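Student: Could we go through this structure together, one region at a time? I would like to begin with the annotated site.

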Amino acid sequence: MEDQEALDLAADWADISQGLKKDLGPQLHTQWIKPIQLGSFCKETGTLDLFLPTEFSANWVADRFADRLSLAWKIARAEVRQVRITVHPRRRAMPELRVGGRAAPELRVPAANESAPTLAPASRPVAAPAPQTVAGFDVSASGIDPSLTFGDFVTGSANVLALNAAQRMAAAEKPQFSPLYLKGSTGQGKTHLLHAIANGFMAARPGARVFYCSAERFMIEFVQAMRQNEMIEFKSRLRSFDMLLVDDIQFIIGKASTQEEFLHTIDALLSAGKRLVVAADRAPQALDGVEQRLLSRLSMGLVADIQAADIELRRQILEHRLSRFTSAQVPQDVVEFLARTINRNVRELVGGLNKLIAFAQLTGQQVSLQLAEEQLTDILSANRRRITIDEIQRTVCQFYRVDRSEMASKRRARAVVRPRQVAMYLAKVLTPRSYPEIGRKFGGRDHSTVIHAVRLIEDLRSRDADMDGDVRTLLRQLED
């Protein structure tokens with residue numbers, strides 16, 4: 001795909017996705033539309049590929065949104081005649097499950113010239129079998145990602161407890177707690193830690209049998225095993241692993257039979273001294289529709305909270321990612337801008353950086369603050385907290401120790417004027433208000449007065465370190 005064509009498709013998809021968000025609402029959009037990735041576009045057939053991470057989500061989107069997506073693309077680009085919704089072709093394979101005397105296969109890390117892990121039972125070599133279902137578990141489903149390790153996990157005060165607990169769980173010696181329950185909101189690093197635990201455990205105990213799946217996958221395979229009359233095999237194979245990791249456990253809510261089986265699996269694993277790690281976006285007690293017995297099992301080990309990354313951790317994450325892009329030149333003011341403004345989750349932060357670097361490299365432009373603001377509009381607007389002029393005035397008055405009434409007063413003493421000008425400057429930087437609107441909030445002052453204040457503070461920041469330090473401190477207080 002040509003670079004310009006890829007950019008055009010990405011731009012069209014951003015518009016289509018935004019339109020679907022308005023039509024479907026944020027919840028449906030986040031769950032089903034946002035995970036879609038653009039694939040290739042065949043000009044000869046007019047076919048555009050759209051990829052989703054799992055077979056379940058691909059089928060769900062195809063059943064419910066195929067017509068809507070096809071129509072939206074045809075309107076956006078006349079040359080698109082059909083849309084094909086499939087699972088992403090680079091899904092990694094899961095280890096096959098084995099029963100009884102038959103050992104579980106090794107998950108072999110691929111060599112440099114291999115594109116994906118290969119699966120081979122210990123008893124006999126198998127030549128790249130076609131995808132198949134073995135007692136309810138889809139062999140071709142997503143598995144452990146060898147690139148997600150503890151060494152690649154950036155640590156700060158927000159996640160140090162979870163990291164330390166994860167490293168204990170991955171160590172060769174028996175952990176002091178099990179299960180480990182990782183709790184954190186979307187995009188804060190739970191899945192990274194799950195894969196890191198799996199990789200660390202396999203390194204510490206070569207030959208250990210490890211199984212990773214999402215709660216959604218667990219439910220789907222459980223239902224398939226029931227339909228195929230393979231529940232005994234399902235249970236035996238699942239419980240034969242030395243470590244079980246289950247992601248997004250909140251999605252197991254409301255399924256009584258699945259909860260019952262998961263409860264029995266937990267009991268079987270823990271009684272056998274096996275290890276269990278689960279992750280969710282809320283605490284066990286906040287899981288609605290979950291049986292009390294299951295809540296008790298999930299809470300009996302250690303619940304490790306992953307807090308939202310603070311600005312220092314966001315800076316470290318950006319610097320860590322930039323160390324991989326040796327050819328990318330990203331100015332420090334852009335790094336600071338991204339760290340301050342993209343604060344909802346780490347996934348959006350890293351995604352914004354990647355998008356900015358990719359756009360700059362594809363178009364030959366230099367990375368700059370202006371380019372960041374232009375290309376990351378959606379991400380930035382979603383992350384910006386709505387700061388009011390009243391909040392700015394209150395914060396500035398507390399910082400400079402002046403009375404709040406001075407913001408609207410006619411006094412022209414320097415001790416009052418300078419804080420007022422700083423507040424006007426911050427109002428222009430942090431709010432969408434126009435100069436006349438800002439002037440009205442400062443005692444009905446003319447818009448030219450606000451313009452003068454903004455330009456003056458900009459000039460002072462460039463040549464007065466103390467003023468620049470004051471503004472930076474106020475920005476931190478207002479944005480954090």
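**The annotated site and beyond**

Tutor: Gly189 lies in the loop that runs between strand S8 (180-184) and helix H5 (190-204). Helices (H or I, at least four residues) and strands (E, at least two) are DSSP runs, numbered from the N terminus. The model is a predicted one, in which local features need pLDDT of at least 70 and side-chain atom pairs count only at pLDDT 80 or more, while totals for chains, interfaces and linings use all residues. Residues are numbered from 1 along each chain as its sequence is written, and side-chain values use heavy atoms, with hydrogens and water left out.

Student: Which residues does the UniProt annotation "binding site" cover?

Tutor: According to the unreviewed UniProt entry, the annotation covers Gly187, Gly189, Lys190 and Thr191. UniProt positions are given in the numbering used here, feature names are shortened, and annotations may be inferred rather than shown by experiment.

Student: Is Gly189 buried or exposed?

Tutor: Gly189 has a relative accessible area of 19%, so it counts as buried. Buried means under 20% relative accessible area, exposed over 50%, and partly exposed in between (1.4 Å probe, protein chains only).

Student: And what is Gly189 in contact with?

Tutor: Leaving aside neighbours within four places in sequence, Gly189 is in contact with Phe153 and Ile306. Contact means heavy atoms within 4.5 Å.

Student: Where is Lys190 found, and what does its side chain reach?

Tutor: Lys190 is found in helix H5 and is buried, with a relative accessible area of 7%. Its side chain reaches the backbone oxygen of Gly184 at 2.8 Å. Not counting residues up to four places away in sequence, Lys190 touches several residues, including Leu182, Asp281 and Ile306.

Student: What about Asn159: which residues is it in contact with?

Tutor: Beyond its neighbours within four places in sequence, Asn159 is in contact with Phe153, Val154, Ile306 and Leu313. Asn159 is in the loop between strand S7 (137-138) and helix H4 (160-170), and its relative accessibility of 4% makes it buried.

Student: Changing topic, how many aromatic pairs are there?

Tutor: A search of the whole structure finds eight. The rings of Trp32 and Trp60 have their centres 4.1 Å apart and their planes at 10°, so this pair is stacked. Rings of Phe, Tyr and Trp (its six-membered ring) pair if their centres lie within 6.5 Å; planes under 30 degrees apart count as stacked, over 60 as edge-to-face and the rest as tilted.

Student: Which parts does the pair of Trp32 and Trp60 tie together?

Tutor: Trp32 lies in helix H2 (residues 26-33) and Trp60 in helix H3 (residues 55-76), so the pair ties together parts that are 28 residues apart in sequence. Both Trp32 and Trp60 are buried. Elsewhere, ring pairs link Phe218, Phe222, Phe234 and Phe262 into a cluster.

Student: Now the largest nonpolar core: which residues touch the most other members?

Tutor: Among its 31 residues, those are Ile317, Leu318, Val330, Val334, Leu338 and Leu356. A nonpolar core is a set of buried Ala, Val, Leu, Ile, Met, Phe, Trp, Tyr and Cys residues joined through side-chain atoms within 4.5 Å.

Student: Which elements give two or more residues to this core?

Tutor: They are helix H10 (311-322), helix H11 (332-341), helix H12 (346-363), helix H13 (369-375) and helix H14 (377-383). H12 supplies the largest share of this core, eight residues. Apart from it lies another core, of 28 residues, among them Tyr181, Phe234, Leu269 and Val278.

Key:
A polar contact is a pair of N or O atoms within 3.5 Å; within protein, one must be able to donate a hydrogen and the other to accept it, and residues adjacent in sequence count only if both atoms are side-chain atoms.
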